[in-house]
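Subject: Structure for your review

Dear colleague,

Please find the structure below for your records. My notes on what was found in it follow, and I would ask you to read them with the structure open.

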Amino acid sequence: MRPKVVLTLIACALAVISAALILKPRKENAVPPPPVAEAPATSEVVNASPPPAPAPLPVTPPPQPAHVMTDDERQSAIDAEVGRLQDWSMNNDPASLSNILLDLTNSEKDVRDAAIEATKQFDSTNAIPTLKAVAMNTTDTDEQIALLEAVKFLELPPLTFSPPTPEQIQAQQQRQAARQAQMQQNQNQAAPPAAPQTGNN
Amino acid sequence: MKKFLLLSVVAAVLVFAAGNVRAELGVVTITGSATLQTNDAHASPLMKTQSVALKDIFTIIEQGNGDTSLTNKHVTTKLYYDPDAVDNEAYDSLEGQGFGGTLPSFTGVFYYSNSVSGKVQLDGQDPSSGGDYYSYIELDYYDAYSGPHGFWNSTAMEAGSAYTESDTGLSFKSTGNAILYVHSNPYSYDLVGLESNTPAYYYANDSVGSYNPYAITMHGNTASTWSYNGAGTLKETLKLAGSGDVIWGGAGSGAFSKGTFSFSGQGGY
């Protein structure tokens, strides 16, 4: 091999070696990684408080399926409310009337009918405004008529007791006496005849 | 197919049970208007219309049996009716009074109940008179589905009635006519048509039959329903709307109008 060729090869090798040395990353010029935060030693903790724990997320309960009443359950509920209306109708306190008036717009027709009857039995003119208002807002013609009939009923004065006259009392006593006499006569006719008495000679 | 067979069986049972229907006691409400004449020595006669509610029915009964708890405002009293209860006391007593052989089977019993007197039947046999029958309230009607009730008599009042049955065979409706009679004289019960050969309605005045200081009678159209739930429970309702007479002590007699009788009961069958 000619000396020029050898020198050329040596020069290329030296160039490659030099490039490798230049491009090799140096540790003293590498960007150090960011320091990792280290928990301080226990002995170094004096007054520092731990960071607050994150607030727990609210736990939403899974949606419960809506309870669908059976026919019997629905009827039992209706019957129970109708029974309460009957009890309230025999009272005379404002709370009972308030409960009755609320049921005038109950979703169940049987309850609404019972409420209309209860307003009549409770017999207070305080129910009239509510009855009229409910009548204006109902689309059931029969129910509207019943509500307005209840208004007319409540607008009447209640029947007041009228004691019997002396003549009526006397007439009643005469009839009772006649009845007693008739019963006594019937008993006498039904009684067996007395046994004949026998004498000793 | 199974559902059809089941319904057929249920319907067959109900048809059999129809002749033996049975309902528990149910609450009764009564309302109406009483128009009485007022006579003022210095003015022309006037009419006065007043409302009648359940408290006035209790007044009538109290005037008869003397139970003051009926009109005590601090005591809650309710009126009850069992439309299908057989009234054996009525039959036994009236049979002994000479109506034997002509009496039907009486059904329908009334009660009142409160915390003072308990449950009181409104008819029975009076021990003080040797067992004579007495009654303060009667409801007489014939129903195409449930038959005769009270003192219903085919010769003395309407017998026309019609009923319908639902496709399931579990509910029935009917209509007819009825007479309601509430009176303070317990011996003034309305044996409609049995005391004479002339058919007649009963009138609440002292010119017919026994004397009543206080009474209301109402006659009109009925609407009844029966609902079976297929599990042994029967619900029964009855409504009567009508008019009639009223006698009110010293206020005299007058007209009873816009009368309503409402019953709702439930029980086993």
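In chain A, the axes of helix α3 and helix α4 (residues 109-122) come within 8 Å and cross at roughly 150°. Angles over 145 degrees count as roughly antiparallel, and α3(A) and α4(A) are therefore roughly antiparallel to each other. Their crossing is left-handed. On the side of α3(A), the residues that meet the partner helix are A:S96, A:L97, A:I100 and A:L101; on the side of α4(A), they are A:A115, A:A118, A:T119 and A:F122. The residues of this contact comprise six nonpolar, two polar and no charged. Please note that all of this is read from a predicted model.

Helix α3 (residues 94-102) of chain A also packs against helix α2 (residues 71-89) of chain A, at an angle of about 140° and with the axes 9 Å apart. That angle makes α2(A) oblique to α3(A). The crossing of α2(A) and α3(A) is left-handed. Here A:L85, A:W88 and A:S89 in α2(A) meet A:S96, A:N99 and A:I100 in α3(A). By class, the residues of the contact of α2(A) with α3(A) are three nonpolar, three polar and no charged.

I turn now to the two chains. How many residues does the contact take from chain B and from chain A? Chain B gives 40 residues and chain A gives 31 residues. The size of an interface is often given as the accessible area lost when the parts come together. Between chain B and chain A, the buried area is about 3,000 Å², and carbon and sulfur atoms give 51% of that area.

Side chains of opposite charge can pair when their charged atoms come close. The structure holds nine salt bridges over all chains, and three salt bridges are found across the interface of chain B and chain A. Which residue does A:D79 pair with? A:D79 forms a salt bridge with B:K235, and the closest N and O atoms are 3.6 Å apart. This pair crosses between chains, running from helix α2 of chain A to strand β13 (residues 233-248) of chain B. B:K235 also forms a salt bridge with A:D110, where the closest N and O atoms are 3.8 Å apart.

Yours sincerely

How values were computed: Residues numbered from 1 in each chain as written. Chains lettered and ligands numbered in written order. Predicted model: local features only at pLDDT ≥ 70, side-chain atom pairs only at ≥ 80, totals over all residues. Heavy atoms only, no water. Axes fitted to C-alpha atoms, helices over the stretch in contact; angles between N-to-C directions. Helix = DSSP H or I, 4+ residues; strand = E, 2+ residues; numbered from the N terminus. Parallel < 35°, antiparallel > 145°, perpendicular 65-115°, else oblique. Left-handed = near helix turned anticlockwise from the far one by under 90°. Contact = heavy atoms within 4.5 Å. Nonpolar A, V, L, I, M, F, W, Y, C, P; charged D, E, K, R; others polar. Buried area = accessible area lost by both parts, 1.4 Å probe. Salt bridge = Lys/Arg side-chain N within 4 Å of Asp/Glu carboxyl O.
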